[in-house]
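Thanks for coming. I will go through one two-chain model this morning, starting with the contact between the chains and then taking each chain in turn.

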Amino acid sequence: MRLLTHNMLSCNIKGVTNGYPLTIEASKWMAKEVDFNGDFLRNIFVKIEWKVLIEAAKVMGYTDLPVEVDSSMLNSDEFLQKFHHALLEIHVEEGALICPETGRKFPVHKGIPNMLLNEDEV
Amino acid sequence: MKLKKLEGLLGDLDQFSDPKVELEQYPTGPHVASRLIYTAENSFGDITGKVVADFGCGCATLGIASALMEAEHVIGIDIDSQSLDIASTNAEDMEVNIDLMLSDIKGLNWRGPLVDTVVMNPPFGTRNEGIDMEFLKTALKVASRAVYSLHKTTTREHIKRVAIRDFNVKKAEVLCELRFDVPRLYKFHRKKSVDIAVDLWRFVP
């Protein structure tokens, strides 16, 4: 699972109101290189919850993202490369996603998060 | 990528080894899948460089087709873990990167508006009535640009009415009618295979 997917995921247990963002626990992760697309990054930048991305990347040991960001940085190739790496190249392979409200763990196995709910959670 | 080439590549994908009738698992054939994704890109620019979600992805034929058509990010969602295992192998074989997720489509509440386009071949709702419209409802909430979906031609009027009246779509159009070849997968099927007429829909949320 890429961090772009994580950036939009929230806990969907019935009754949970603060299910975003899910905390990542990772025992295994990897980086897979993909082609750089500057236009895509410039477009999606405003839709990304930046703090959530920073925290997620940190779990996987990537700390190069700047804390303060604004749209003028989208002209910087150096910034875009870091953004690209965090958003599209880091993959969570094994671990769990944890609901911030209930502490419910959604396991991640072979890169696939299991978001299925139990009967009493629907 | 040319249509013929896309269709050819999709023909190499593995499909359900043991389809589950309760989930109405029918494979999306290469003919239908390639036309859906090709049209979405070449007529509307909804795939290349976009974030695409494949709802009820099964073995991820549509998701992988999107990735081959150079979608920037693809997420395939299914409720059946065995299908996702096949999807994962298929993606590896095709050397494309797609994210997969084990989840029900019902109740999905992703933060918008990150997904541009949803592509799907939902259950027709023959076994589980109304499931097709559940898929459509959720897809319209998640997608910011467009939803592409396949539905039986016999349900055309119903779908148009519900989409406009209940789901408030800006646009609902049938792009073309396709023949969906459903092979004899289950014991209760009497014929060797059945040709079903399906509509390829494009909805604008």
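Chain A and chain B bury about 2,300 Å² between them, and 57% of that lies on carbon and sulfur atoms. Buried area here is the accessible area, with a 1.4 Å probe, that two parts lose on being put together, summed over both. On the side of chain A, A:Met8, A:Lys47 and A:Ile112 supply 30% of the area that chain A buries against chain B, more than any other three residues.

Before going on, the conventions. This is a predicted model, in which local features need pLDDT of at least 70 and side-chain atom pairs count only at pLDDT 80 or more, while totals for chains, interfaces and linings use all residues. Residues are numbered from 1 along each chain as its sequence is written, chains are lettered from A and ligands numbered from 1 in the order in which they are written, and side-chain values use heavy atoms, with hydrogens and water left out.

Back to the interface. The contact, meaning heavy atoms within 4.5 Å, takes 28 residues from chain A and 23 residues from chain B. Across it there are 13 residue pairs in polar contact, both residues being at pLDDT 80 or more. A polar contact is a pair of N or O atoms within 3.5 Å; within protein, one must be able to donate a hydrogen and the other to accept it, and residues adjacent in sequence count only if both atoms are side-chain atoms.

Which elements of chain A supply the side that touches chain B? Helix H1 (3–6), helix H2 (38–44) and strand E4 (112–113) of chain A each give at least two residues to it. Helices (H or I, at least four residues) and strands (E, at least two) are DSSP runs, numbered from the N terminus. By type, the residues on that side of chain A are 15 nonpolar, eight polar and five charged. The classes are Ala, Val, Leu, Ile, Met, Phe, Trp, Tyr, Cys and Pro as nonpolar, Asp, Glu, Lys and Arg as charged, and the others, Gly among them, as polar.

Now the salt bridges, each a side-chain nitrogen of Lys or Arg within 4 Å of a carboxyl oxygen of Asp or Glu. Over all chains the count comes to 15, and between chain A and chain B it is two. A:Glu49 pairs with B:Arg111, with the closest N and O atoms 4.0 Å apart. A:Lys47 meets B:Asp116 at 3.9 Å, N to O. A:Lys47 lies in the loop between H2 and helix H3 (50–59) of chain A, and B:Asp116 in the loop between strand E3 (99–102) and strand E4 (117–120) of chain B, so this pair joins two chains.

Two backbone details in chain A: the peptide bond from A:Tyr20 to A:Pro21 is cis, with omega near -5°, and A:Lys110 has a positive phi, near 50°, in a residue other than glycine. A:Pro21 sits in the loop between H1 and strand E1 (23–31) of chain A, and A:Lys110 in the loop between strand E3 (105–109) and E4 of chain A.

Chain B has six helices and seven strands. The C-alpha atoms of chain B fill a box of roughly 40 × 35 × 30 Å along the principal axes. The peptide bond from B:Gly112 to B:Pro113 is also cis, with omega near -10°, and B:Pro113 is in the loop between E3 and E4 of chain B.

Finally, the annotation. UniProt, in an unreviewed entry, places "domain: Methyltransferase small" at residues 48–140 of chain B; positions are in the numbering used here, feature names are shortened, and annotations may be inferred rather than shown by experiment. Over residues 48–140, chain B is 34% helix and 20% strand, with the end C-alpha atoms 20 Å apart.
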